[in-house]
Amino acid sequence: MNKDRFRPRHIGPTSDAAALEIEWADGHTSRFTPWELRLACPCAGCVDEMTGRRTLRPEDVESGVHPLEINYVGRYALSFQWSDGHSTGIYPFEFLRRLCSCPECSESTSDGS
Ligand SMILES: [Zn+2]
Ligand SMILES: [Zn+2]
């Protein structure tokens with residue numbers, strides 16, 4: 001398995017600051033809007049731990065939500081301090097890479113290699 005897929009080389013806002021860009025060690029670049037990242041929050045307050053079902057609904061996330069702070073959690077994850085006051089979500093890099101919805105990533109999820 002290629003570990004570079006889950007290792008970020010650079011993390012930062014896009015040039016227009018509308019989205020967060022992660023450049024991975026394997027050369028791929030993912031872009032996430034703050035809104036989709038906030039909605040994807042994997043913490044126990046947003047996802048039911050027993051069922052894995054998301055309890056946070058899209059209509060619960062305000063459209064202008066943005067990260068006030070982005071912090072590394074060890075070497076494996078990021079955490080966000082959101083403008084709506086939420087900060088308990090830990091986003092492992094593997095999770096973020098899987099969240100990438102670009103055409104390339106949607107295709108490669110089914111190749112099984
Ligand atoms: Zn959460
Ligand atoms: Zn992608």
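Okay, let's start in the sheet: Pro-67 stands opposite Trp-82 in β5. This is a predicted model, where local features need pLDDT of at least 70, side-chain atom pairs count only at pLDDT 80 or more, and totals for chains, interfaces and linings use all residues. Residues are numbered from 1 along each chain as written, chains are lettered from A and ligands numbered from 1 in written order, and side-chain values use heavy atoms, leaving out hydrogens and water.

So, β4 and β5 (residues 77-82) pair antiparallel over six bridges; pairing takes at least two DSSP bridges, and strands are DSSP runs of E, at least two residues, helices H or I, at least four, numbered from the N terminus. The open sheet runs β4-β5-β6, antiparallel, with β4 (67-73) and β6 (90-92) at the edges.

Now the metals. Zinc ligand 1 has Cys-41 (SG), Cys-43 (SG), Cys-46 (SG) and His-86 (NE2) at 2.1 to 2.3 Å. Donors here are N, O and S atoms within 2.8 Å of the metal (3.2 Å for Na, K and Ca), and water is not among the atoms, so sites may look incomplete. Why call this one tetrahedral? Because its donor angles are 100 to 114 degrees, and four donors qualify if all angles lie between 85 and 135 degrees. Cys-41 and Cys-46 are both buried, meaning under 20% relative accessible area with a 1.4 Å probe, protein chains only.

Zinc ligand 2 takes His-28 (NE2), Cys-100 (SG), Cys-102 (SG) and Cys-105 (SG), at 2.0 to 2.2 Å. His-28 sits in the loop between β2 (20-24) and β3 (29-32) and Cys-105 in helix α3 (residues 103-108), so the pair ties together parts 77 residues apart in sequence. Both are buried, His-28 and Cys-105.

Definitions and conventions
Tetrahedral: all angles 85-135°; square planar, octahedral: opposite > 155°, others 65-115°. Buried < 20%, exposed > 50% of the residue type's maximum accessible area, 1.4 Å probe, protein only.
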